[in-house]
Amino acid sequence: MKNLNDGVAWGIFPLYFASQGLALDQIAILAAVYPLVWGGLQLATGWASDILGRKPLIVAGMVLQGVAISLTAGAGSYGVWLGSMALLGFGTALVYPTLLAAVGDAVPATDRASFLGVYRFWRHAGFIVGAVLAGAVADLFGFKPAIQLIAAITVGSGLLALLTVRGRDR
């Protein structure tokens with residue numbers, strides 16, 4: 001689901017922000033905040049998952065991403081969008097290194113490279129699924145319903161992780 005969110009953040013959000021009358025420089029700042037927060041914080045969150053466990057960070061990160069995505073569609077001001085992009089980055093920072101670590105935890109070292117390759121294939125397929133799904137829903141019903149659908153799927157995946165993720169959840 002993480003890359004499903006990227007498909008929306010980088011494919012739908014700029015179009016949505018433009019439709020809301022934002023200038024190109026404002027859209028660029030919003031687009032930059034997400035990966036800036038994500039990239040900076042994942043240095044700490046990867047380490048935190050070793051201490052706190054994988055499951056709490058995965059669940060919290062997915063739910064936080066969904067809330068941030070929903071807030072983006074529900075808000076109507078640049079300041080709130082700036083905050084929602086930062087929250088999306090924080091949620092992604094919780095999830096991104098932790099999911100890789102969880103795969104590493106679950107697989108014997110001799111099989112890790114193959115399993116990580118399969119994991120990354122399916123994770124990266126989320127770019128396509130997210131962009132196509134959100135684009136199709138946006139074409140049919142508008143940006144806000146498309147964004148809210150992705151938010152709901154993301155929160156749902158966090159709840160699913162709550163029920164299914166095993167191991168290292170101290």
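A residue counts as buried when its relative accessible area is under 20%, and as exposed when that figure is over 50%; anything in between is partly exposed. Keep that in mind while looking at this structure, which is a predicted model.

Let's start with K55. Its relative accessible area is 17%, so K55 is buried. You'll find K55 in helix α4, which covers residues 54–74.

Side chains of opposite charge can pair when their charged atoms come close. How many salt bridges does a search of the whole structure find? The count is two. In one of them, D50 pairs with R54, with 2.7 Å between the closest N and O atoms. In another, R54 meets the side chain of D105 at 2.6 Å, N to O. Because the salt bridges share partners, D50, R54 and D105 end up in one network.

Is R54 buried or exposed? At 5% relative accessibility, under the 20% cut-off, R54 counts as buried. Its two partners are partly exposed: D50 comes out at 36%, and D105 is also at 36%.

| Residue | Relative accessible area | Class |
|---|---|---|
| K55 | 17% | buried |
| R54 | 5% | buried |
| D50 | 36% | partly exposed |
| D105 | 36% | partly exposed |
| F90 | 35% | partly exposed |
| G39 | 31% | partly exposed |
| V132 | 54% | exposed |

Now for helix α3, residues 24–52. Several of its residues are buried, among them I27, L30, V33, Y34 and W38. Further along α3, the buried set includes T45, G46, A48 and S49. An α-helix has 3.6 residues a turn, so residues three or four places apart point the same way. In α3, I27, L30, V33 and Y34 are buried residues you can check against that spacing. After α3 comes G53, with a positive phi near 105 degrees.

G39 is part of helix α3, and with a relative accessible area of 31% it is partly exposed. Between G39 and G89 there are 50 residues of sequence separation, yet their C-alpha atoms are 7.9 Å apart. F90 is in helix α5 and, at 35%, is partly exposed. F90 and L43 are 47 residues apart in sequence, with 11 Å from C-alpha to C-alpha.

Last stop is the surface. Which residues make the nonpolar patch of about 400 Å²? They are W10, F127, I128 and V132. Helix α6, residues 112–141, supplies the largest share of this patch, three residues. V132 is in α6, and its relative accessible area of 54% is over 50%, so V132 is exposed.

Key
Residues are numbered from 1 along each chain as its sequence is written. This is a predicted model: local features need pLDDT of at least 70, side-chain atom pairs count only at pLDDT 80 or more; totals for chains, interfaces and linings use all residues. Side-chain values use heavy atoms; hydrogens and water are left out. Helices (H or I, at least four residues) and strands (E, at least two) are DSSP runs, numbered from the N terminus. Buried means under 20% relative accessible area, exposed over 50%, partly exposed in between (1.4 Å probe, protein chains only). Patches are made of residues with over 30% relative accessible area and no salt bridge: like charges are joined within 9 Å, nonpolar side chains (Val, Leu, Ile, Met, Phe, Trp, Tyr) within 5 Å. Accessible areas come from the Shrake-Rupley method with a 1.4 Å probe; for residues, only the protein chains shown count as cover. A salt bridge is a side-chain nitrogen of Lys or Arg within 4 Å of a carboxyl oxygen of Asp or Glu.
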